[in-house]
Structure formats: structure tokens, C-alpha cells
Amino acid sequence: MPINMQFAPDLVLRDFSEHLAETKQKEECIPKELKQEKTYSFLKTGQRAYWLDGEQPLVRKHTDGSLSAPIASIIITEVTHFKLDGKIWTKGYYLIHKVLENGEIYFNGCEPIKK
């Protein structure tokens, strides 16, 4: 029996409009307003492994499946896996380290650019 685990170099969440349309839970979506140094919860389907020892991009997944450029630099502080109705989920918390300006280049691959 295989173990299905996805290693995720970024946190990809849906647009908040999908929660308003009642197609996604609130924690599956990027909050309407991101505030630096505030902690938010997230929820993802499947079993995912996230890096917990530094900054990583927060990315928006559009309804057509395409991804945005990073919109924030986050630090994931906690991750838990659980099973509900036969489906595996990953939930946790992330801290907004820096909200990125539209078009701002902050990451070089997975690493923040040091200035």
C-alpha cells in the first residue's frame, strides 16, 4: 500500500470569492485582508509536508487552476494531518512575515532574496 504524501514548497490557497460562493471552506482560501505579523489558519485536502524552518511563498490558486505570483512571505508554524469521512486533510497555521506589493520580487526559487 503506497503512502501518498505531497511535499509543498509553498502554501497554495484559493481566492476568498470561492468561500463566498460556498465552494470552499474559509480556511481553504486566502483571507480578504492579509496583515503582517498576524497568524491565520489553513486547510488543504491530502497529506502534505511543509517546511517549518523559514519563509515560503503564499500563492493564490485561481478558479482556472493557474497560480498567482507570491502574494506574501509566510512562516508555517503548525501542521496536523487528520482523516474525515474517509478523506485525508492537512490543516495548520501560518504567520504573515511580509505582505508583498503587486509585482514585487521577493523570492529566488524557494529562498527570500537578501538585500
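This is a predicted model: local features need pLDDT of at least 70, side-chain atom pairs count only at pLDDT 80 or more; totals for chains, interfaces and linings use all residues.
Read from the N terminus, the elements follow the order β-β-α-β-β-β-β-β-β-β. The radius of gyration is 14 Å, close to the 13 Å that the globule rule gives for 115 residues, so the protein is as compact as a globular protein of that length. Along the principal axes, the C-alpha atoms fill a box of roughly 45 × 35 × 25 Å.

Of the 115 residues, 34% are buried. The accessible surface amounts to about 7,500 Å². Carbon and sulfur atoms account for 51% of that surface. Contacts between residues at least 6 apart in sequence were also examined. Among these, 59% join residues at least 24 apart.

Strand 6 spans residues 72–84 and pairs with strand 5, residues 56–61. These two strands run antiparallel and are joined by three bridges. Strand 6 and strand 7 form a hairpin with two residues between the strands. In that hairpin, D85 takes a positive phi near 50 degrees.

The helix provides an example of a buried residue. E18 lies in helix 1, which covers residues 17–20. The relative accessible area of E18 is 8%, under the 20% limit, so E18 counts as buried. Leaving aside residues up to four places away in sequence, E18 touches T23, K24, C29, K61, H62 and T63.

The relative accessible area of I3 is 73%, over the 50% limit, so I3 counts as exposed. I3 also belongs to a nonpolar patch on the surface, together with M5 and F7. The accessible area of I3, M5 and F7 together is about 380 Å². Thus E18 is buried, whereas I3 is exposed.

Key
Residues are numbered from 1 along each chain as its sequence is written. Side-chain values use heavy atoms; hydrogens and water are left out. Patches are made of residues with over 30% relative accessible area and no salt bridge: like charges are joined within 9 Å, nonpolar side chains (Val, Leu, Ile, Met, Phe, Trp, Tyr) within 5 Å. Accessible areas come from the Shrake-Rupley method with a 1.4 Å probe; for residues, only the protein chains shown count as cover. A salt bridge is a side-chain nitrogen of Lys or Arg within 4 Å of a carboxyl oxygen of Asp or Glu. Buried means under 20% relative accessible area, exposed over 50%, partly exposed in between (1.4 Å probe, protein chains only). Helices (H or I, at least four residues) and strands (E, at least two) are DSSP runs, numbered from the N terminus. The radius of gyration is taken over C-alpha atoms; the globule rule is 2.2 Å times the number of residues to the power 0.38. Contact means heavy atoms within 4.5 Å. Two strands pair if DSSP finds at least two bridges between them.
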